[in-house]
Amino acid sequence: MIIDALQLLFTPWNMLFITLGVGAGILVGALPGLTATMAIALLVPFTFSMNAVHSLVLLGGIYSGAIYGGSFSAILINTPGTPSAIATTFDGYAMARKGESYAAIITATIASVIGGLIGVFFLIFLAPPLSRAALKFGPPEFFWLTVFGLTIIATLASKSILKGLIGGAFGLLLSVIGIAPIEGSVRYSFGSISMQNGIALIPAMIGLFCIPEVIGMIAKKDTHYNVIPYKREKKLIRRIFFRLMKKPFLLIRSAVIGTVVGIIPGAGGNIAGMVAYNEAVRVSKFPKRFGTGIIDGVAASEASNNAEVSGSLIPMLTLGIPGAPPAAVLLGALLLQGLRPGPYLFTSHGEITYSFLFSLILANILILPLGLISGKAMSKLITGIPVTILAPFVFLLSVIGSFAINNNMADVYIMLIFGIIGFIGRKAGFSAGPIVLGLILGSICEQGLVQSILMGRAKGSAIGVFFQRPISIVMIILTVVSAFWPLIVKIKNNWRHKVEKG
Amino acid sequence: MNIQINRLTAAVLLLLGITGFVFANGDAENAQFPSKNITYIVPFNPGGQSDITAQYQKEMLEAALGVNVVIKNISGAGGAVGWSTLASSAPDGYTISGNNIPHIIAQPLVKDNPGYQTEQLEPLYLFQTTPIGLTVLKDSRWSNLDEFISYAKAHPGEITIGGSGTYTGHHIAYLMLQQLTGAEFTYIPSTGAAPSVANFLGGHTDALFANSNDLVTHNNEINVLGMGTEERFTLLPDAPTFIEQGIDMTAGIDRGVCVPQGTPSDVIAVLEDAFRKVCTDPEFMAKMEDMGMVVQNLGAAEYKAYIVKTAAKYEEILKQLGVI
């Protein structure tokens, strides 16, 4: 069957579709507001008349390409091209400001390829047992996962933990706007139908990250964006490659985190990137250097979010439960081809399924040349064109991206309002990271909390359900360790100090 | 020279003639619906069942109507954003929208600010139903509906049943089951079908109201206690219906299309014919069945009667529950 699958895959048409998919994905991902989900959804109708393998390799290529492409705008204009690239902005943009934008893109490329390949490995060899394990994740576990996620704020807000917490609380508050996930009551909609939707992540994210950047471009009165222009360096790719190869654990750890978060339905690439970044900071010997523009930060986020692509496909292919929004759209395409997810997808439709899985290997490898070429062009372009053209262009993209999500002007207004909030916030020392994190985790947290209480009440104890389950207990321990980590490090250092002195 | 002039005159006359012909033709087409692009609103996200169905209809609709059909996803508030957009569009047949039951009936009944009323959406054509069934895992302590109901009667509220959303097809099926049997359960809503299936397969809820396509996908690890269909569902021939077990209920999500209220009846007739042509196409029907849906074909009048009948039923349930 494997040989059949390979024969099915290695046809000129498939090679063309994978290349097209990855290329188009990178482009869409790089444009702020145009996400992987949207790219796949837009292409699904075109695949109706294609055969199953052509259609799946094309869509898989787009998915991989778009998640990677999100790193370009994260690095170059401090705006995640897709939500998965939020954590890439932290060090990627800091590198770009030092004139190392191309180095950051190379890092993102190599890390994405390696992370992506590790993810595909799990997908091909361990999909059924992993998806079984993911099902053990119920509402109480989701609740604790989000509480754990909130401890990341301590890492994201490196300057002031207090301001980070305020930002996170603000994000959580924003997440309750709209129809309640449970019971369906409408909150803070002020009578507007559009507000019933709540604050969508994409417009809020574009507003918070992108608009302050555009205002900053204009306010600086420089003719060109970024004071230090793109500089040519010899053997840069090779140097970064060897530097990354010296940190195998960073890449493997991030990719494993990405895969695991991807498998858990409802937690996507955005959370994967931030958790991997957080763990990279925690393990590092130089946690203070994160955020100042080091390749470790970029590599952690990018290795993780590309591994998440395969992770999100694991429950989708084995159980029909998509692990992330783009996988949900892919599921629709799969069903339309008459391929029903489940165990027999791997047996009776084995050739098609495996040729799709193998195509993801090719897609990830193709990211390397396509990414390096387009990345070089992009980083030259961003520093090369005058601000008078760049600023309006980026603004235009922000408007289009926000509008395109629901074809709704209300999202554009939300984006603009968040732009102003982001600009004022940045001046006052609040970074966008914690706010967006709160917004992402808020609704997952609420759903987990209310579902758990309903579950617990039905079985007699609304509180007990949070503390009696093994995975929950592990999550609680992780949360406590994560929250008190700075303190633990301090105590450890003091102790070491004493030992050395003594 | 003369010949040249004559030739020129002939050319000019010919050109005028063609132009005249074209214009005359254009006028004739203007009088006839449709003469410009039709916008087809899908009030849900791209990639969902509503979207995929519409995308699949698109090409065949274009062939049937002779104009372009532009699909526009306007999602949000469980479809309400799209339907309120349609309700405020010009009733000329150039804006149509997918509409789902029970959504368009339940939302205006229970929401303070639904953005539209059921009557504002003029039914055009009903083309498919996704039946809903009640299921437990194979290794569950209940092997049939009777055991399930008796346990619930002895232990009110202890059995948890998952489903997607509140006042949705799943939730209303749950309310109907409680009302018809007198048993009491606890409903655990999720924001979508997929997470509720995950909760159920992981053993976090005891039972699940699920769409037919999910039931078919997980057929070998579940035991369907009751299907919300009139007859047994073809893809799950072993699953008994509620009706044959003495519980008079059907449950499902119906999908169709509608136009704004006040659309002229001749325009409705043209669109209805086009949809009938598309939805009775064997290839279309086969695709929909592949996706786990039951193909329906109700024209405008029948669809309207169906909505009125269903609305009365829901209103009664919700009134008895004190929701409205």
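What is the mean pLDDT of chain B, and what share of its residues reach 70 or more?

## Confidence of the model

This is a predicted model, in which chain B has a mean pLDDT of 88, with 90% of its residues at 70 or more. Residues 16–30 of chain B have a pLDDT below 50, and in the model this stretch makes two contacts beyond near neighbours in sequence. Where pLDDT is low, the predicted coordinates should not be read in detail. For the complex, the predictor gives an ipTM of 0.87 and a pTM of 0.86.

## The interface between chains A and B

Chain A brings 43 residues to the contact and chain B brings 46 residues. The area buried between chain A and chain B is about 3600 Å², and carbon and sulfur atoms give 57% of this area. On the side of chain A, the residues that lose the most area to chain B are Ile193(A), Leu336(A) and Arg340(A), which together account for 17% of what that side buries.

Between the two chains there are two salt bridges. Asp206(B) forms a salt bridge with Lys459(A), in which the closest N and O atoms are 2.5 Å apart. Polar contacts between chain A and chain B amount to eleven residue pairs, with both residues at pLDDT 80 or more. The helices α6 (101–135), α7 (139–150), α15 (325–336) and α20 (432–458) of chain A each supply at least two residues of the side that touches chain B, and the largest share, six residues, comes from α15(A). By class, this side of chain A comprises 23 nonpolar, 13 polar and seven charged residues.

## Salt bridges within the chains

Over all chains the structure holds twelve salt bridges. In one of them, the side chains of Arg426(A) and Glu213(A) meet at 3.0 Å, N to O; this pair links distant parts of the chain, with Arg426(A) in helix α19 (residues 409–427) and Glu213(A) in helix α10 (residues 201–219), 213 residues apart. Arg426(A) counts as partly exposed because its relative accessibility is 37%, whereas Glu213(A) is buried, with a relative accessible area of 5%.

Glu279(A) and Arg282(A) form a salt bridge with their closest N and O atoms 2.6 Å apart. Both residues lie in helix α13 (residues 269–283) of chain A, three residues apart, about one turn of the helix, and both Glu279(A) and Arg282(A) are buried. In chain B, the side chains of Glu62(B) and Lys58(B) meet in a salt bridge at 3.5 Å, N to O. Because Glu62(B) and Lys58(B) are four residues apart in helix α2 (residues 49–65) of chain B, about one helical turn separates them. Glu62(B) is buried, with a relative accessible area of 19%, while Lys58(B) is partly exposed at 28%.

Notes. Residues numbered from 1 in each chain as written. Chains lettered and ligands numbered in written order. Heavy atoms only, no water. pLDDT = per-residue confidence, 0-100. Contact = heavy atoms within 4.5 Å. Buried area = accessible area lost by both parts, 1.4 Å probe. Salt bridge = Lys/Arg side-chain N within 4 Å of Asp/Glu carboxyl O. Polar contact = N/O pair within 3.5 Å; in protein donor to acceptor, adjacent residues only side chain to side chain. Nonpolar A, V, L, I, M, F, W, Y, C, P; charged D, E, K, R; others polar. Buried < 20%, exposed > 50% of the residue type's maximum accessible area, 1.4 Å probe, protein only.
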